[in-house]
Amino acid sequence: MSIDNNHKNGHPPLAPEVADRLLDLLSSDDKFRTEFAKDPGAALQNSLGLAPQQTQAALAGASCLRVTSLASKEEVQAARDELRGSLTAAGAHTVVFMLEVGQVQASFGGGSGGTLA
């Protein structure tokens with residue numbers, strides 16, 4: 001798996017297969033979610049197979065992959081298409097609350113956050 005290392009504004013977007021695997025794990029795997037919340041770098045390398053330099057690039061600066069309180073599995077699943085689009089698109093990837101609990105939909109203009117049905 002890889003990430004596109006040619007992006008110049010912010011960290012590079014994730015390759016589609018990496019984003020899909022990340023979202024699969026964030027929406028279903030409690031062990032991965034615990035590891036990701038504690039140490040996203042280790043989670044990206046151990047479970048997604050990113051090389052150390054790819055992990056460093058993915059977590060550079062105010063990365064959207066750094067979270068204080070990880071969004072629920074249900075929130076991630078409900079916004080999966082938007083999250084995938086954001087993670088794989090060229091852009092700054094600095095919406096630091098994108099994967100935060102209660103903020104997933106708000107980061108895409110879907111309201112003020114909260115629990116999703």
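Biologist: Happy to have you here! Which helices are part of what covers the buried residues of H3?
Modeller: Helix H3 spans residues 40-48, and its buried residues are Pro40, Gly41, Ala43, Leu44 and Leu48. Here buried means under 20% relative accessible area, exposed means over 50% and partly exposed lies in between, using a 1.4 Å probe on protein chains only. Seen down the axis of H3, these residues fall within an arc of 165°, so they line one face of the helix; the arc is taken from the directions from the helix axis to the C-beta atoms. The cover over them includes H1, H2 and helix H4 (52-58).

Biologist: Thanks! What does the secondary structure of the protein chain come to?
Modeller: This is a predicted model, in which local features need pLDDT of at least 70 and side-chain atom pairs count only at pLDDT 80 or more, while totals for chains, interfaces and linings use all residues. Residues are numbered from 1 along each chain as its sequence is written, and side-chain values use heavy atoms, leaving out hydrogens and water. Helices (H or I, at least four residues) and strands (E, at least two) are DSSP runs numbered from the N terminus. The elements run α-α-α-α-α-α from the N terminus on, and the total is six helices and zero strands.

Biologist: What share of the contacts between residues at least 6 apart in sequence joins residues at least 24 apart?
Modeller: A contact here means heavy atoms within 4.5 Å. Among contacts in the protein chain between residues at least 6 apart in sequence, the share joining residues at least 24 apart is 62%.

Biologist: Over what arc do the buried residues of H1 lie?
Modeller: The buried residues of H1 are Val18, Ala19, Leu22, Leu23, Leu25 and Leu26. They sit on the same side of H1, because they cover an arc of only 160°.

Biologist: Which residues does leucine 22 touch, not counting those up to four places away in sequence?
Modeller: Leu22 is among the buried residues of H1, and the cover over those residues includes H2, H3, H5 and H6. For leucine 22 itself, the partners are Leu14, Phe32, Phe36, Leu48, Leu65 and Leu87.

Biologist: Are H1 and H2 roughly parallel or roughly perpendicular to each other?
Modeller: Axes are lines fitted to C-alpha atoms, for helices over the stretch in contact, with angles from 0 to 180 degrees between N-to-C directions. The axes of H1 and H2 lie 8 Å apart and the packing angle is about 110°, with Leu22, Leu25 and Leu26 of H1 meeting Phe32, Arg33 and Phe36 of H2. Angles under 35 degrees count as roughly parallel, over 145 as roughly antiparallel, 65 to 115 as roughly perpendicular and the rest as oblique. H1 and H2 are therefore roughly perpendicular.

Biologist: And which residues on the other side of H2 are exposed?
Modeller: Phe32, Arg33 and Phe36 are buried in H2. They share one side of the helix, because their arc around the axis is only 100°. On the other side, the exposed residues are Lys31, Thr34 and Lys38.

Biologist: At roughly what angle do the axes of H2 and H3 cross?
Modeller: H2 and H3 are oblique to each other. Their contact is made by Phe32, Glu35, Phe36 and Lys38 of H2 and Pro40, Ala42, Ala43, Leu44, Asn46 and Ser47 of H3. The axes come within 5 Å and cross at roughly 135°.

Biologist: One last thing: how far is the backbone oxygen of aspartate 24 from a polar atom of the side chain of serine 27?
Modeller: Serine 27 is in the loop between helix H1 (16-26) and helix H2 (30-38), and counts as buried because its relative accessibility is 15%. Leaving aside neighbours within four places in sequence, serine 27 is in contact with Lys73, Val76, Gln77 and Arg80. A polar contact is a pair of N or O atoms within 3.5 Å; within protein, one must be able to donate a hydrogen and the other to accept it, and residues adjacent in sequence count only if both atoms are side-chain atoms. From the backbone oxygen of aspartate 24 to a polar side-chain atom of serine 27, the distance is 3.2 Å.
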